[in-house]
Amino acid sequence: MWSDAQADPPRCAGSGTPAEAAPPLPDGFPFRRGLCPICTAFVELHDGHLARHDAFRGTTDAAEAGARAQWFNTVGWN
């Protein structure tokens with residue numbers, strides 16, 4: 001049986017890695033945040049590094065979900 005003790009820690013391993021702001025869409029999304037290569041969250045940048053963040057598990061915000069879909073369809077994964 002699986003338990004929380006066997007779960008991955010909530011903090012993403014991509015926290016603290018070097019990153020640049022992701023290319024913005026015309027409306028500004030993702031608003032100068034960087035794309036985490038581990039969990040694909042758009043994360044605030046501090047001194048050229050991804051801020052500490054929990055692993056992205058999806059969003060419950062419909063506008064954010066739509067903007068993410070548009071970004072990946074426009075910019076892609078590169």
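Student: Is Leu25 buried or exposed?
Tutor: In this predicted model, Leu25 is buried, because its relative accessible area is 8% and buried means under 20%.

Student: Where is Leu25 found?
Tutor: Leu25 lies in the segment before β1, the strand of residues 34–35.

Student: And which residues does Leu25 touch, not counting residues up to four places away in sequence?
Tutor: Leu25 touches Ala67, Gln70, Trp71 and Thr74. Gln70 is 45 residues from Leu25 in sequence, and their C-alpha atoms are 8.3 Å apart.

Student: Turning to helix α1, which residues does it have, and what should they span?
Tutor: Helix α1 has 13 residues, 62–74. At 1.5 Å a residue they should span 18 Å, and the end C-alpha atoms are 18 Å apart, which agrees.

Student: Which residues in α1 are buried?
Tutor: Ala67, Arg68, Trp71 and Phe72 are buried. Seen down the axis of α1, the buried residues fall within an arc of 130°, so they line one face of the helix.

Student: What do the buried residues of α1 pack against?
Tutor: They pack against β1 and β2, the latter being residues 42–43. The face turned away from the buried side carries the exposed residues Ala62, Ala63 and Asn73.

Student: What happens at the start of α1?
Tutor: A side-chain oxygen of Asp61 reaches to within 2.9 Å of the backbone nitrogen of Ala63. Just after the helix, Gly76 takes a positive phi of about 85°.

Key: Residues are numbered from 1 along each chain as its sequence is written. This is a predicted model: local features need pLDDT of at least 70, side-chain atom pairs count only at pLDDT 80 or more; totals for chains, interfaces and linings use all residues. Side-chain values use heavy atoms; hydrogens and water are left out. Helices (H or I, at least four residues) and strands (E, at least two) are DSSP runs, numbered from the N terminus. Buried means under 20% relative accessible area, exposed over 50%, partly exposed in between (1.4 Å probe, protein chains only). Contact means heavy atoms within 4.5 Å. The expected span of a helix is 1.5 Å times one less than its number of residues. The arc is that of the directions from the helix axis to the C-beta atoms. A polar contact is a pair of N or O atoms within 3.5 Å; within protein, one must be able to donate a hydrogen and the other to accept it, and residues adjacent in sequence count only if both atoms are side-chain atoms.
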